[in-house]
Amino acid sequence: MAASKPRTKSAPPADSRGQGGELHQHAGGTHPPLTTNQGIAVADNQNSLRDTPRGPTLLEDFILREKITHFDHERIPERIVHARGSAAHGYFELTRSLEEFTRARVLTEVGVRTPVFTRFSTVAGGAGSVDTPRDVRGFAVKFYTREGNWDLVGNNIPVFFIQDAIKFPDLIHAVKMEPDRAFPQAASAHDTFWDFVSLMPESMHMIMWAMSDRTIPRSLRTIEGFGIHSFRLLNEAGESTFAKFHWRPKLGIQSTVWDEAVKLQSADNDFHRRDLFEAITAGDFPEWELAVQLFTEEEAEAFPFDHLDSTKIIPESLVPLTVVGRMVLDRWPDNFFAETEQVAYCPANVPPGIDFSNDPLLQGRLFSYLDTQLSRLGGPNFHQIPVNAPKCPFANHQRDGHMQMQVPKGRVAYDPSSLQDDTPRETPEGFPSHATTPDDGVKGRVRASSFADHYSQARMFFRSLEAPEQAHLASALVFELSKVETAKVRERTVSHLRNIDDALAKRVAAGLAMPALPDPAPTATPAQDFPKAPEVRVIGRTKDLLKGRCIGILFDEGSDAGLINNLRKAADKAGASVKLVAPKLGGGKLSDGKTLAADGQLAGTPSVVFDAVAVVLSNEAAKRLLKESAAIDFVANAWVHLKAIAADEGAQALLKAARVGNDPGVVEAEDAKAFLTAAATRQWAREPKVRMLA
Ligand code: HDE
């Protein structure tokens, strides 16, 4: 009989005998008793209940049925977009009060640490897709403020594809895998995406960003975040100021090169997730500054674009950034499903003092998130899941529904009421604190004429980039359009490029070997020449830092122990992490007779996962490794991915086989200083030697 047993910790025997006589292995140790979800202790978790040893399983086996039933329902629907994500806990600390502009305490109380939960995601792929496709990254922050939750649900790109929320389902249907063939997964390089965007000139500015190096980041720790829309801040006097929110990574912005991003997909599906996990668990906490752009209605009137249009940035030359705080992510979630999967962000979650603008994209989002979460999380009580619940008290008269976790007391569940003293009531401190806006009295399905300029900022973006970045962008367009089967879609896209930058259009047309350059797309609003916006670059904004970078050292039997130790020490001092790679995980005996184990086996640890590599080999080992393509690829990829390479005398044969050339990024392993200087950056000057860019 399944009676409840005393809850003492028991040490199970090293093995135990099931009723059929077979042995189960136990790993040992002291553990609490295993129970069913009803708290019934389980004596045998290996065998289902049968009436004879070889007879059918009995329906009576409630332990089996509960376990399998729970398993059958373990998956919930994945997010329709941003399905693949990684998240971490941390805090936000205000360093500068915005009291003049807002009454929201999270933005006025300097020094207070507000807990946050931040989730990064890709947009197009499913939950099981890879981390490193070319894609926009979601950057969603839940601030558990003393006045309720504030969700700043942003992306790593400051603009968006469309101006009006009514186009979102079309955009997403176009970018997701094509419905008849169910591919490609997590990629925009296909006909339906380019068909749609080439018919939506408003997406051209975003296309410039999406085809730039921003969408192939090296690490989630090196991406920026943007709230995109203009929000409003409201102060005690009810005065309103517009605000745009920016997250700036402490480590600077870093991206990969395309060939590296492609190879990372096969080297490590979880590259970004693992990188974030490893950094946080090593105590190397990622950090971002929160900056705001603040401006008034009158200032906005003078902009040469409409700030309510999410396809536009406000260049920093027009409205500079003011840093107001920092976010530190210092704790990996205990459980992926309970926290990262069940977290529900919603741009409509704002505390008093933060309000919305009339951006039509934001307005649609205010509806969509709660709606999708009702079905994704199975009912109206998902706000009670620990990761979603506010950390301040919350109470109202909403009741019941699926999965109600609270047990409300008393007979009053309505308002107004007079029967009970402790029921929640309205408070003057709370919402509404909405801004009043002038109303022009026109109602209709209209798009403001101030939203009509689709090319000026796309041109500004492209022309602001450094030359290698422009080449990457052109090559990305050639790559994506080369996957598009329909000629007229390719031509239509190039016709938009002609309105952005004719030289870019010609490069892309040449890269596709187009027989003729298509005419520019018709437009009533030709591009204006805006001043360059250097803040959009990646290359100029990468910090030459070793902190946050990882160096891989390839070694084998007989490698020079002194050299390896020197390199490790120097890298450690400079703040870089080091991983050792060898043909076998057990490593080998070095020149000093001591055995050094590797962190990764060569076949499973290619150089794409590192920011720079050192190769320290004896002549014999190098000779042996000439027969190992993974060793040659290790060096060859570091070279073509523009990474610093340090090599000792013995390793030269491998460098030769990998066709490594000569440049300031290739140094002797003895010169740790020169190596670390080179390792702190990418060798952009090498690129024309190794790649034909468009
Ligand atoms: Fe989202 N978006 N979105 N989005 N979005 C979702 O909400 C939507 C947009 C963003 O880590 C969904 O819970 C509409 C812009 C992030 O859980 C859904 C429109 C920006 C995340 C939804 C947009 C974003 C989402 C899917 C056009 C950058 C992941 C699952 C008006 C500012 C949040 C969910 C997480 C998720 C709707 C456009 C960012 C369907 C209708 C612009 C970071 O509600």
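A crossing of two helices is left-handed if the near helix is turned anticlockwise from the far one by less than a right angle, and right-handed if clockwise. Keep that in mind for the first stop.

The model here is predicted: local features need pLDDT of at least 70, side-chain atom pairs count only at pLDDT 80 or more, and totals for chains, interfaces and linings use all residues. Residues are numbered from 1 along each chain as its sequence is written.

**Stop one: a helix pair.** Select 467-482, helix α11, and 502-511, helix α13; helices are DSSP runs (H or I, at least four residues), strands likewise (E, at least two), numbered from the N terminus. Their axes lie 9 Å apart at an angle of about 45 degrees, so α11 is oblique to α13. Axes are lines fitted to C-alpha atoms, for helices over the stretch in contact, and angles run from 0 to 180 degrees between N-to-C directions. Oblique is what remains after under 35 degrees (roughly parallel), over 145 (roughly antiparallel) and 65 to 115 (roughly perpendicular). The crossing of α11 and α13 is right-handed.

Now show β9 (240-249) and β10 (287-295), which pair antiparallel over 8 bridges; pairing takes at least two DSSP bridges. Look for Ala243 opposite Leu294 in β10.

**Stop three: the ligand.** Finally, display the 26 residues around the ligand, the closest being Arg79, His82, Gly138, Ala165 and Phe168; near means a C-beta atom, placed from the backbone, within 6 Å. Colour α9 too: it gives the most to this shell, 7 residues.
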